[in-house]
Amino acid sequence: MARPSAQARLTNIEKYRAQVLSHPLGRGIFPDEVRDHLAKVPRQRFPRVVYANRGPDPCIQPRGGFPLFEMQYQLTQQLSQAGADFIPLTIDSYTRHNEYDTATQLLHRSEEEGKSYLNGYPLISHGHELTRQLYCDLEKPVSLRHGTPDARLLAEVAIASGIAEIEGGAICYCLPYSEGFPLDRCLLYWQYVDRVCAVNSTEDLPIHRESFGPLTATLVPPSVVIAVEIIEALLAAEQGVTSFAVSFGQTGSIIQDIATATVLRELTRYYLDQFGFGSVQSYLVYHQWMGQFPAQRERAAALIACSAIISSIIGADKIVVKTVDEALGVPRPEINAEACDTVRYVLRTFRSAETVTSPMIEREMALIGSEVKSIMDAIFDISGSAFWESVFRAFQLGYLDVPFSPHADNANKLLSVRDGNGSIRIADAAAVPISDHDARVERELLESREDRSDKTYRQMLTDIRLMV
Amino acid sequence: MTSVCHGRVVIGVIGDDIHIVGNRIMQLALEESGFQVFNLRTRNRPEEFYQAALEVNADAVFVSSLNGEGEHWCADFRSLFREIGLGHVLLYVGGNIVVGKRPKEEVARLFKQFGFDRVYHQEPDISVAIADLQEDLKHGAAQRAGKAHEH
């Protein structure tokens with residue numbers, strides 16, 4: 001039985017960092033110089049400062065990353081002018097898989113031919129000195145968006161570049177993104193990332209961490225998402241992170257979105273406090289629909305507007321936006337800028353009531369909350385000498401099971417489909433340790449579905465294409 | 001789910017293709033139709049399919065491709081199976097199996113030349129393939145062995 005504890009903090013981090021930074025592409029980074037640089041970076045580049053001053057509306061964050069410095073610079077300017085509160089830096093997939101040589105070669109080729117051979121910004125190939133220049137006149141936080149199981153060097157270069165928000169985590173950047181990267185190693189590597197964020201933080205200006213709650217964005221039950229988010233918040237807190245955002249993706253049901261947000265916020269606070277991490281500030285981030293998008297632009301725009309309203313109703317600290325071209329591929333910068341404007345318009349025009357509730361939402365909250373507590377209790381009871389080991393074992397035992405994860409360590413036994421109002425229901429919990437009572441309630445709620453007698457795979461296909 | 005076992009099917013996505021959603025749905029659809037499924041999941045080479053077919057004594061192999069790599073990897077499929085004495089195993093392929101827009105008939109002809117028994121290029125309804133598989137398996141192994149020699 002291993003509970004989250006500050007005693008799990010990596011010791012000897014200086015020595016470990018020296019090892020990581022001895023990589024040829026990390027050699028220009030000196031921890032003291034990085035701290036000095038962070039002290040000179042404008043305060044508005046730190047998420048905590050922006051969140052503290054955000055006013056009634058959620059902050060807006062678009063997506064985007066290009067291989068060339070010039071293109072990324074222009075994107076940054078364009079998004080900033082369009083009203084983005086957070087500026088994304090999306091990393092290419094070779095860098096995500098630690099294939100820095102390939103990323104560098106393709107960067108050179110992109111530079112020579114003026115064409116993009118990478119699907120994002122190869123941060124490690126560009127290095128921190130050049131990347132600092134991207135943001136020399138920027139007074140907004142930059143968010144590192146990637147999907148990297150081993151992000152040790154990447155996080156070092158990002159922080160050295162003055163990037164104060166690192167997205168990801170051992171579970172959320174492994175299970176949806178990788179089929180074979182060992183989860184136990186991933187857990188250990190993210191301890192490093194969390195620790196490095198912590199040692200580069202000051203009390204007022206912490207390096208902020210954010211988890212990626214949408215996971216596979218395909219019928220993941222809210223209780224599974226919330227358990228993963230709480231675990232990653234606890235793992236980060238163990239390493240001394242003091243500013244952490246949990247997140248989730250639009251579920252497809254307004255009722256379930258409101259219930260999920262409330263339970264996620266409350267239980268993250270509850271578990272952080274319970275294990276002595278009361279000083280950790282937690283935030284809530286909402287992702288606009290992450291599943292298959294309508295190809296018709298009018299429908300896409302309607303979906304984007306509706307999820308903007310939901311982000312306001314749930315009191316999200318930040319909304320990560322999609323574009324009307326989502327179904328067509330990687331959107332152009334103008335389209336991304338347009339999306340920021342649309343969302344800003346909706347947020348400004350329709351300020352929500354402070355709280356929205358109903359008997360259905362209350363029931364949903366009770367059910368999700370009870371399931372999360374059962375899952376967390378079961379994980380805490382797994383034997384092991386450290387919390388991360390219990391988390392690793394939880395996947396082997398199927399206590400945590402993320403639908404549609406390609407990863408070999410994921411059980412893939414849990415079955416989920418939508419009920420009559422579009423909420424995601426657990427049709428078969430498999431080894432996920434929710435109570436018999438909750439499992440029965442989930443199944444009963446499924447009866448409201450019109451095509452319930454149809455085969456499960458047909459129901460799932462309908463559900464996946466919900467918004468199309 | 002029915003408990004009747006209609007046959008043993010190896011499924012998987014070929015090439016450096018990590019599209020997992022269709023693969024999971026396929027597994028569930030086959031299981032719900034009574035098949036025993038051996039799922040190789042994503043990113044497979046041809047040898048992984050025939051090795052698995054040999055290991056589990058498969059009746060059929062269902063190859064899928066979403067990113068269009070299918071054409072590149074599937075060319076020698078039937079001969080590879082025949083070489084290890086598995087010429088009788090039913091070979092199905094489906095998904096988005098070639099790169100670019102090409103007529104369905106042309107794609108079907110191409111993959112039949114590769115030795116596939118059934119080809120489902122951009123076929124949205126899985127149940128078509130399942131009905132075909134049930135039908136094809138009724139004919140028995142001996143007949144299929146004879147049919148395989150025709151290719």
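Author: Happy to! Let's start with strand β9 (residues 415-418) of chain A and strand β10 (residues 424-428) of chain A, which pair in the antiparallel sense over four bridges. Pairing here requires at least two bridges found by DSSP between two strands, and the elements themselves are DSSP runs numbered from the N terminus, with helices (H or I) of at least four residues and strands (E) of at least two. Residues are numbered from 1 along each chain as its sequence is written, while chains are lettered from A and ligands numbered from 1 in the order in which they are written. Please keep in mind that this is a predicted model, in which local features need pLDDT of at least 70 and side-chain atom pairs count only at pLDDT 80 or more, whereas totals for chains, interfaces and linings use all residues.

Within the pair, Leu415(A) stands opposite Asp428(A) in β10(A). The two strands form a hairpin with five residues between them, and Gly422(A) in the turn has a positive phi of about 90 degrees.

Tyr399(A) is buried, with 23 other C-beta atoms within 10 Å. The label buried applies when 20 or more other C-beta atoms lie within 10 Å of a residue's own, exposed when there are 12 or fewer, and partly exposed in between, with C-beta atoms placed from the backbone. Leaving aside neighbours within four places in sequence, Tyr399(A) is in contact with Ile375(A), Ala378(A), Ile379(A), Ala394(A), Ala431(A), Val432(A) and Pro433(A); contact means that the C-beta atoms, placed from the backbone, lie within 7 Å. The C-alpha atoms of Tyr399(A) and Ile434(A) are separated by 9.0 Å, although these residues are 35 apart along the chain.

Asn412(A) also belongs to the loop between α15 and β9 of chain A. Its phi is positive, near 55 degrees, in a residue other than glycine. As background, most residues other than glycine have a negative phi. Asn412(A) counts as buried, with 20 C-beta neighbours inside 10 Å.

A positive phi near 55 degrees is also found at Ala217(A), again a residue other than glycine. Ala217(A) lies in the loop between β5 and α10 of chain A, and counts as buried with 20 C-beta neighbours inside 10 Å.

The 17 residues of α10(A) reach 24 Å from first C-alpha to last, close to the 24 Å expected at 1.5 Å a residue; the expected span is 1.5 Å times one less than the number of residues. 17 of the 17 residues are buried, so α10(A) is largely enclosed by the rest of the structure. After α10(A) comes Gly240(A), whose phi is positive, near 100 degrees.

The strands under discussion belong to an open sheet of eight with parallel pairing, in the order β1-β8-β7-β6-β5-β4-β3-β2 (chain A). Because β1 (59-61) and β2 (87-90) of chain A stand at the edges with a single partner strand each, one side of each is left without a neighbour in the sheet. On average, neighbouring strands of this sheet are turned by 25 degrees against each other, direction ignored. Strand β6 (residues 243-249) of chain A is joined to strand β7 (residues 281-287) of chain A by seven bridges, and Phe248(A) has Tyr286(A) as its bridge partner in β7(A).

Finally, a word on the partner chain: 12 residues of chain B are in contact with 11 residues of chain A. Helix α1 (residues 21-32) of chain B supplies the largest share of that side of chain B, six residues. For the complex, the predictor gives an ipTM of 0.83 and a pTM of 0.94.

Notes. Axes are lines fitted to C-alpha atoms, for helices over the stretch in contact, and angles run from 0 to 180 degrees between N-to-C directions. Two residues are in contact if their C-beta atoms, placed from the backbone, lie within 7 Å.
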